[in-house]
Every structure is written in structure tokens, then in C-alpha cells.
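Visitor: I have a model open in the viewer. Please show me how to read it, feature by feature.

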Amino acid sequence: MRVLVIGGSGLVGGLVLPRLAERHDLRVFDLKPPRSDVDVEYVAGDLRDVAAVTRAVEGVDAMIFMAMGPMAGWGSIDNARAHFEVAAPGLHVALRAAHEAGVTHAVYTSSMSVYAEPAVDDPRADDDIPRDDTISISPGVPGRDRYPDESTPPDATDFYGLAKRMGEEVCRNAVEVYGMSVVALRLCHPVADDDFPRTDHPRARLICTSARDVARALLAALDRRGHGFEPFAISGDGAERLVPMTRARELLGWTPLDSTDQPDKR
């Protein structure tokens with residue numbers, strides 16, 4: 001299958017492109033080139049350039065949208081604006097162009113950040129490991145000890161969670177207006193296989209997801225066609241202490257191969 005990967009040169013793309021390319025022919029649309037060790041077609045372009053997006057989507061069978069705003073200046077007004085511009089008008093342009101090109105299925109890399117975060121510490125976390133207080137993880141909401149499942153409407157109010165919520169609404173709209181099917185994968189802290197699990201924050205340690213498991217979820221989502229808008233929680237929390245994943249298990253046939261409840265082998 002020929003797949004357009006919008007934003008494929010970013011963090012998630014760098015982690016998953018090698019495995020996706022084993023199964024599909026990939027075309028990456030991004031401001032900068034993707035990693036050089038993967039055989040993909042690269043199309044340079046900006047989501048604000050409607051003509052460029054329209055050209056990029058020609059001749060593909062499906063689309064993965066994994067573009068997001070920059071990490072630099074995280075949380076500033078300008079940074080929040082950039083995330084909103086990608087998640088709403090940028091995603092809308094891509095889905096509309098895909099529909100007009102005859103593409104009927106898309107995958108959106110959303111985030112569990114669409115929900116207000118549970119406040120939790122990992123009782124097994126090593127107090128001798130310094131925490132990086134600059135990383136983009138909220139302190140969590142007191143009283144919430146677990147993420148809701150997909151039957152609960154998203155309720156995040158921080159700029160990043162709100163941007164991802166907006167993106168999911170854009171996907172819902174494409175399903176209703178264009179008759180497309182869209183799978184939204186609510187990812188949890190994707191990380192390189194060699195760096196799994198994370199150690200810089202207790203919640204990230206509990207829910208992070210290895211690159212190979214993110215790639216497996218994307219491949220399953222590409223195959224999950226014709227079911228309207230479907231969100232799925234995707235996490236390395238194999239014991240489901242924080243992230244319920246019944247839907248992913250039953251409908252995508254996906255469970256993490258790398259689980260954070262296993263001993264760290266590093």
C-alpha cells in the first residue's frame with residue numbers, strides 16, 4: 001500500500017519509519033527530510049501550502065498524519081499557536097485534500113494528553129535518578145488515579161491536550177462530511193526501543209511506549225478501515241495500571257510487546 005506520512009520527519013516518524021517501510025511504500029511530506037537510512041519518497045512542503053499538500057496526496061492509498069508543533073518554546077503563546085495551527089487548519093487541509101484525491105482512510109497520531117492527566121508517582125521509581133523538570137509533562141489532576149477509557153469524552157484543558165482534542169474533532173468532521181474512516185491513536189510517550197522504559201518522570205515511566213509497539217499500532221490502524229472515527233489508547237502499560245486498552249486489544253488486535261511492568265533490562 002502507498003501511504004502518505006505527513007510530519008514523518010519528526011519524533012514519532014524517526015522512531016517508526018523503518019518498520020512502516022517494511023510493509024508499505026511511504027511518501028513523507030515535511031519541512032525537513034526524514035532519516036536517511038530508510039527508503040522513502042520525500043516531498044518537501046508546508047501544511048499552510050494547500051497546493052503542495054494537494055500534490056503530495058496524489059496517488060496514495062492512505063494517509064498518516066503525525067505532524068505537530070515544535071518543542072522549542074514549549075507552552076509559550078507562539079508555541080501554542082503553532083500546535084493549534086497544525087492540529088486544526090493543517091489537519092483539515094490534509095484530510096480534505098486526501099478526500100478529493102480519493103483516499104478513504106487516515107490515521108491520526110493523537111495523544112492520551114486529550115485527557116487531564118492522573119496524578120501519580122511510580123512506587124518503584126528510583127529516588128536517586130534525577131527528574132528532568134523541564135520535560136513537557138503536567139503534574140496531574142488530584143483525585144484522578146487512572147486515565148478514562150475511550151467512552152469518556154476528552155477533558156484536557158492545557159494547550160497541548162486541547163490541540164490534540166481539536167485534531168480529533170477535525171477527524172470526526174472528515175468522517176461525517178467526507179465519509180472517510182479515521183483511526184486516532186492516543187499515544188503515550190513514544191520512545192526508542194533502546195531507551196525503553198523512560199526514567200525521567202514516574203508517569204512517563206509507567207505509560208511510555210516502545211518504538212516497535214507504536215509502529216505495530218500504526219500498521220494495525222492502517223488495516224482498520226471502514227469503521228468511522230475510532231480512538232484507541234496505545235501505551236506500554238501492559239498491566240493497564242493507568243491506561244485501559246481493552247478497545248485496542250479487542251478491535252485492533254494490539255497489545256504491547258514491551259511492557260513497563262517488566263523489569264528494566266538496561
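Guide: What follows goes from the whole chain to the sheet, a helix, and some single residues.

Visitor: What should I know before reading any value?

Guide: This is a predicted model, so local features need pLDDT of at least 70 and side-chain atom pairs count only at pLDDT 80 or more, while totals for chains, interfaces and linings use all residues. Residues are numbered from 1 along each chain as its sequence is written, and side-chain values use heavy atoms, with hydrogens and water left out.

Visitor: How many helices and strands does the protein have?

Guide: Helices (H or I, at least four residues) and strands (E, at least two) are DSSP runs, numbered from the N terminus. Here there are seven helices and nine strands.

Visitor: What share of the residues is buried?

Guide: Buried means under 20% relative accessible area, exposed over 50%, and partly exposed in between, with a 1.4 Å probe and protein chains only. Of the 266 residues in the protein, 53% are buried.

Visitor: What about the accessible surface?

Guide: Areas come from the Shrake-Rupley method with a 1.4 Å probe; for residues, only the protein chains shown count as cover. The total is about 12000 Å², and carbon and sulfur atoms hold 50% of that.

Visitor: Which share of the contacts joins residues 24 or more positions apart?

Guide: Contact means heavy atoms within 4.5 Å. Take the contacts with a separation of 6 or more: 69% of them link residues 24 or more positions apart.

Visitor: How do I read the sheet order?

Guide: Strands of a sheet pair through backbone hydrogen bonds, either parallel or antiparallel. Two strands pair if DSSP finds at least two bridges between them. In this model, seven strands make an open sheet, ordered E3-E2-E1-E4-E5-E6-E9, with parallel pairing. Strand E3 (41-44) and strand E9 (229-234) are the edges, each pairing on one side only. From one strand to the next, the twist averages 20°. Axes are lines fitted to C-alpha atoms, for helices over the stretch in contact, and angles run from 0 to 180 degrees between N-to-C directions.

Visitor: Which helices pack on this sheet?

Guide: Helix H1 (residues 11-23) is one of them, touching E1, strand E2 (25-30), E4 and strand E6 (181-187). Its direction makes about 160° with that of E2. Helix H4 (residues 159-178) also packs on the sheet, against strand E5 (105-111), E6 and E9. The direction of H4 makes about 160° with that of E5.

Visitor: Where does H1 bend?

Guide: A bend at a residue is the angle between axes fitted to the seven residues ending there and the seven starting there. H1 bends by about 50° at leucine 17, and proline 18 follows within four residues. The buried residues of H1 are Val12, Gly13, Leu15, Val16, Leu17 and Leu20. Their cover includes E1, E2, E4, E6, strand E7 (190-191) and helix H6 (211-223).

Visitor: Is E6 enclosed or open, and why?

Guide: E6 is largely enclosed by the rest of the structure, because seven of its seven residues are buried. Both faces are covered: Ser181, Val183, Leu185 and Leu187 lie on one side, and Val182, Ala184 and Arg186 on the other. Look at the neighbours too. E5 and E6 pair in the parallel sense over seven bridges, and alanine 106 stands opposite valine 182. E6 also runs parallel to E9, joined by six bridges. There, leucine 187 has isoleucine 234 as its bridge partner.

Visitor: Now single residues. What does serine 111 touch?

Guide: Serine 111 is found in strand E5 and is buried, at 6% relative accessible area. Leaving out residues up to four places away in sequence, serine 111 touches Tyr160, Lys164, Leu185, Arg186 and Leu187. Histidine 189 is 78 residues apart from serine 111 along the chain, yet their C-alpha atoms are separated by 8.5 Å.

Visitor: And arginine 249: buried, partly exposed or exposed?

Guide: Arginine 249, in helix H7 (residues 246-252), counts as partly exposed at 37% relative accessibility. With residues up to four places away left out, arginine 249 touches Glu240, Trp254 and Thr255.

Visitor: How many disulfides are there?

Guide: A disulfide is a pair of cysteine sulfur atoms within 2.5 Å. The whole structure has zero. For cysteine 188, the closest cysteine sulfur is in cysteine 208, 9.1 Å away, so it is too far for a bond. Cysteine 188 is buried, with a relative accessible area of 2%. Cysteine 171 is buried too, at 1%.
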